[in-house]
Every structure is written in structure tokens, then in C-alpha cells.
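Please read them with the structure open.

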Amino acid sequence: MKLFSRFLLTLSFLVLVHAAFSQTKRKVEDLSDEEISTFFERAQSSGMTEAQLEKAAKAQGYTSADIAKMRSRLTQIGDTKTKEKTTTSKSKTSSKRTVSGKLSTKKGAKNADEEDSEDVSVEDEEMVDSTLLPKKKIYGANLFNNKKLNFEPDLRIATPVNYTLGPDDELNIDIFGEVMDNYTVTVSPEGTVKILNLSPIYVNGLNVEAASARIVSRLRQLYQGLNRPGSGSSAIITLGNVRSIKVTLVGEVENPGSYTISSLATVFNALYLAGGPNENGSYRSIRVIRNNKVVRTLDLYDFLLKADQKDNIQLKDQDIIRVGDFESHVELAGEVRRPMVFEAVKGETLKDILRYAGGFTDKAYTYSLNVRRNTSRELKLLNITQDEVATFQPQNGDSISVGKIIERYENRVTVSGAVFRPGVFAIENGLTTVKELIKRAEGPRENAFLNRATISRRKENYDPEMISFDLGKVLRGELADIALHREDSLTVYSLDSLREYQKVSIFGEVNKPGIFEFRAGMKVADLILQAKGFKEAASYAKIELSRRIITHGNENGSNEKIIVKTFDIDGSLNISNEVSQYELKPFDIISIRRSPNYEVQRGVSIEGMVNYPGRYAIKTDDQKISDLVFAAGGLKPEGFLDGAILYRDSTVVGVKLSEVLRNPNSTNNLLLMENDRLVIPRILETVKLTGGVQNPISIAFQAGNSLQDYLDGAGGYTEYADKKNVYVKAPNGISTKRRRFLFIRKNPKVYPGSEIVVPEFPTNMKKGMTTAEAVGLSSALVSVALTLTTLINNLTK
């Protein structure tokens, strides 16, 4: 049903095609896709019902066969538009770049990706293809080009009191009260309505109120006393469906012709359907002609600027809307709120045009406006001052440019530095000299350097210039005051800015060591307080102070460059203490050392098979492993000494605990360090085999078994086993490698809990000689032996 409604809308609007292109009915196949799409969109905005549209189409002679043809055409158009949407969106960016690229090539200054073709200068206009330049925007054109805006009449509003009835209007008659009835009647072409058992009632040309009175009067023949007090019955007459009317748009409109529209439509509805005025059309003089008389002249600027619709009258059948030629087009560009082309009528001045443009922007240069005017032979430039804006009358084709103000001040001076209120000030009465500027800045600060101040100034040729003077003498009146110029910048320097940042430092055993700002009168104790006081480890003796020797190039009698002073201090930092009251100088450095007898608690831990495992304090610096074992109450019976491991800083330290306990003087009896961890495991009863053995496995330890016995228990070597480098990793972490002397092989001893590791060659590594290599080597050795034998025999003869 939705698609069929579209067919009806399109077919009905072929009436407009008839009026716009010829005086005879055109065939459906003769219409272009663009014509069908355009008139279909405008038909949707007309406000007509489907029945009215169908009736209008048939009135033009279109048949059911035409509807079938139109169905096929619309389907094709819909499919084509769907395909074109993707292509258009993809090519949109590239096409824009192509246009801007052509412009920038001719200008030689624009980037290829820029699209702002409005920067083309006057001299280049003749070189650029006019088809590539954007169309100038005419004020008001968007009113009819905006796809989101339409002037469709509202058919859901209450019946207008002044609405004039005519043929095809529909009236609803509701009777209620003691008698209930309802009639729906349509005004006939003769202008009458017919109600059952009553003669025709003539209502053509009457408004709804007058027609209602006439109909009620006639209904009293059927319903006595209708709408009279005490009768008990009443009637209400309202407008149902409205009729269609035909209006004609002529002159400078986009799509002139005759249009079938709702009888509730206004001038704006008809203008929108016709696309509004074209590029030559006037927005200021749109005439509504009725019965060969101009009944209203519409100025669209009243609506655009003031939303005034007093001339947007309701249309009647056979009305003619004529859009005349514009009288004058004036372009405003630059710093106005709406830069575009405006239509001016006789008597309007530049002030009126500026009002249409929304006025100037905040940065507009209004002192003088440039006008480019076309004369009969060439171009002409005019300068319009502020006083002439209200009286200057633009001519057709004038282009008025509003420039931008210069980004500089005509009376600005700046003061910065050591004054109480630095900033920007205006040269004015009472502020024209340096002394007056300093006074306005509330005077120099206490740390101001008054011996020299500077003024940064621009010469007449705009070259930079610096003026130096004694500010103190100027302020005291000992020197003549200096006059200020526009954009002068006065700098008053401070003593702090003319010297190195003064600091003192404190390091060592204080809670917050670091660098602090020096202040006159600062004492040693003051600096210690700023460093949050002493740490517990701090020594109050041997505090060191180092100080620079500053000569500023003068000869120094001694070769010393740094003075170092060492002293003791009272830890209470009492003011009465002489040393704590020692006064500091800039760049002094204080060093607080650690007390020689201070020691932080250190601890070690022992775990495993001891009687009292846990953490133990290191009492003295010579405490050893054996002392830790004895402190833990000795080993439990199941403790495995040979498997003991010492962990130090996440590293395994191999120790022989059995030797340590037998001989405390052994080199294995190491001194304990903080956080050492000694682990004594339970007796281990297995031997683990890993690496290049056939079956990596753990085997029960058996006293008397050799290394080879355990290797045999794991199935022997693999193909890539490195037999020469087999080693045994003892439970305490110490590894022992297999040794060989001549043809004698010495295997390491295997203890309970040991791990036998058989290294392997890489699988891609050549292992030994091939058979061919072995045969070749044997042949070479035999040949050498025969040669030596022959040589020996010859020598013995």
C-alpha cells in the first residue's frame, strides 16, 4: 500500500509536468527520472490526500496502464539511487580535492587538500574556470533549498473561521441531544450540499460560519427547534476533507507552472513546491494576482528578519503568483555575520543592507569600507566612511568588503618586573611618562634594582630599539622624565633576578636531606630544623661545614678554594649553644655523619630439622654458621647435614655443614650476614637422574652403588649424551664433575639426595666421525706408517 501511494502521488503530480513543459499530456515514457523524482518529492509536500491526487491524475487523462508503467519506472529509480549513494559518498572527497587542486595549481600557494576556493584573488579570477568557482549565496535561498524544511499546510488544525467553501469540500454534520444523527456531505460542482429529503443547500463562496447557519436553518425542517434554547437538540458543522485548488506560478521561479494544492495552502506552500525564486528572481517583490488584480505583494525579508507572515495569505483557486526580476543585488563579504548576496530595493541604504547581514562582527574594521563597483567600462573602487553608511545607496553589482581590525593597540604601554602592579596600561591624560607609569603601577617593589631600567621601543621604521636609564634618578627628579610612546615596554629589574639563586644544602643523617633556600641570618640549627631534625643514627660530633671562597677575580693570598670547618653540636639545638648559632652563608653545605657505634638490628633464619627453627639476631660481627646451629638447639636425629643449603640474597651458597660442625675453624664456617637463611632438610633416600639418560628417574639410594650403577638403572645414555661431562650435584648445592687421567676415569661420589646430571649435545650438532671419515683417516695413518718404515730401512742400510 505504501508503494502504491507513491505511484498515485507521482502520477497526480504529472499535472505539474503538463503545465511546466507543454500544453498536451506527455507520455510516462517521455518523462526523465529527474522529473519524476522532483515532482514526486513536491507532491508529498502538497498536503493533498490520496483520493485528491488520484482524481487530479485522472483529470489529466492518465489511465491504469500509465500507473503500471509508472510502477516499473519508480522501481528502477529506487534501485539506481541505492547504488549511487555508496559511489557518491566515496567519490565526494576526491572530487572536492580535484576542484581545489585546480584552483591551488593556478594560484601556486594552496595545499592540494584545501577546499577554500574563496581565496582566489581578483587578478586570478580570469584564469580560473568559472564552473569551478562556488556560487555566491543569495540571502533567502536556503529557505527553499533546505530538505529538512517544508511549508506543508497543517490539515489537523481547527477549521479557520474565514475559510471559504467551494466544490469538493467535505462537511461533517453532527446532531446530538434528544436526537442523534450524522451526515457527511460534499460540496458539489454547482456549489451545493445535498441532505436526505431536503432540497440542495447552496454554500459556495460562504465561510464555514455562514454555511453552518444556512444548513442548520434548513435542517430545522427535519429537526424542529435545532440549536434553539429548550429544544433539546443541537448540531455542529465542521470541515472534513478540504478540496484541491489550482494555482499558477510564473516569472523568475525555479519551476514555473500550474500546481494542484490544498485549499488551505498559503503563498509559502506554493513557492516551496515551485522551488522558490531562481537566481534572477526577486525575494522582495512577489505578487499574488487574483481576478487580474494584485491582492498582495510579499516581501520575504520581512519573514526572514522578523518572522512576519502578514502577507503570507491563504490562496484561492486560479490565483497567480508572479515572481519578478530582482532590482539590485549587493554582495557583503568579510567581517559581517552573514556574508552573502542581498537584494536591495529602491531607497535602501548600506545601513539597511548591513542590517540584513546581521551587522558587523566583533573584529570588523568599520572606519572605512571598500566598495567594488562595475562601471560601463571597468571596475571602480569606493571608500565609505562611518558617517556615509546611513546615506550611501548601493547599486546593482556592488561588492562591499569589510576588513578586519589590525591586531595592535594605538595607546598601549606595558610595565613588568619589580613593580607592585605590573601589566598593560593606556597612554592618556595623567599617564604619558615613565614616572607616571611607575606611579600607576603603585611604585617599585623593595627589591627593585633602581640603578638601571630599560624601555623596549620600535623606531619609525619599526626596527627594535632599547633605551636604558637610571630609574632611581628619574623617580627622585634628578633626571628629566622620559615620554612614553605607543607599544613601549618598560622593564624594572629585581635584585633577585640579577644574581644566582642562593641556597644551602644539608646531607647525611637528617630526616629530609636536600637543598634549601638561603635566607639572611640563617643558622646551622635553622637548617637542621628545615631538614626535619636528626636521625637516630646521627653523630653530634664531627659535623662538617664546607664554604666557598669567593674573590670575584681578586687575588687570593692562599691556595684554598674551599673552607672546611668541623665541630660538635648540642643535639637539643638549644639557642644558647654556640655552634648551633653559627651563621650560614650562601652555598654552604652541612654534612651530618653516622654514629660509629650505631647498629641496626640484623637477623638470620634457620629452617628444617633443628630443634628451634626461626629467626635469630646477629649479636656480633664475628657470628658464624655453627653459632646459628647451636643457638637453634642443634639438629634433630633425622636432620641431613650433607643436604644443608645456605641462601644469601637469593643465591645458593654451597656449605659443608657436617665439616662445619666437626671443625668450627673450617673455611666453610662462614660469617653470617643479614637475612641469611639456612635450610637443613630431612634425610633424603633417593638419587635423581636427569639429562641425557634413557629414563630420567629417581632411584633409591643404596650404599656402595657407583655412579655407573645409577646410570645403568636409568637405562644408560641417550644418543646425544655428553659422557665426558657428567656431574653430580650434591644435596648442599655443590656439583662435582667426572674426571679422567689418561685412561683412568674417576667418578664423583654419590650421596643420598644427589642429582646426577648428564649433559646433552644439540640435536643438530655433528657427533663423532662418519664411517667414510674413519676409513679415510685409517688409510692416511697406514700410508704414513709405510712411509716411515721405508725411510727407516733406507737409513739403516
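1. Basis. This is a predicted model, in which local features need pLDDT of at least 70 and side-chain atom pairs count only at pLDDT 80 or more, while totals for chains, interfaces and linings use all residues. Residues are numbered from 1 along each chain as its sequence is written, and side-chain values use heavy atoms, with hydrogens and water left out.

2. Whole chain. The chain has 797 residues, of which 37% are buried (under 20% relative accessible area with a 1.4 Å probe, protein chains only; exposed is over 50%, and partly exposed lies in between). Its accessible surface is about 47,800 Å², and carbon and sulfur atoms account for 50% of that; the areas come from the Shrake-Rupley method with a 1.4 Å probe.

3. Secondary structure and contacts. There are 17 helices and 37 strands, taken as DSSP runs (H or I, at least four residues, for helices; E, at least two, for strands) and numbered from the N terminus. Of the contacts (heavy atoms within 4.5 Å) between residues at least 6 apart in sequence, 60% join residues at least 24 apart.

4. The sheet. Five strands form an open sheet in the order β12-β11-β15-β13-β14, with mixed pairing. Its edge strands, β12 and β14 (379-385), each pair on one side only. From one strand to the next, the twist averages 25°, with axes as lines fitted to C-alpha atoms and angles running from 0 to 180 degrees between N-to-C directions. Two strands count as paired if DSSP finds at least two bridges between them. In general, strands of a sheet pair through backbone hydrogen bonds, either parallel or antiparallel.

5. Strand β11. On one side, β11 (residues 329-334) runs antiparallel to β12 (residues 341-343), with three bridges joining them. H329 has E343 as its bridge partner in β12. Six residues lie between these two strands, which form a hairpin. β11 also runs parallel to β15 (residues 399-402), through four bridges. In that pairing E331 stands opposite S399, and A333 stands opposite S401.

6. Ser539. Is S539 buried or exposed? S539 counts as buried because its relative accessibility is 13%. S539 sits in the loop between α13 (524-530) and β23 (543-548). Its side chain reaches the backbone oxygen of A541 at 3.2 Å. Leaving aside residues up to four places away in sequence, S539 touches I592, R593, R594 and S595.

Notes:
Polar contact = N/O pair within 3.5 Å; in protein donor to acceptor, adjacent residues only side chain to side chain.
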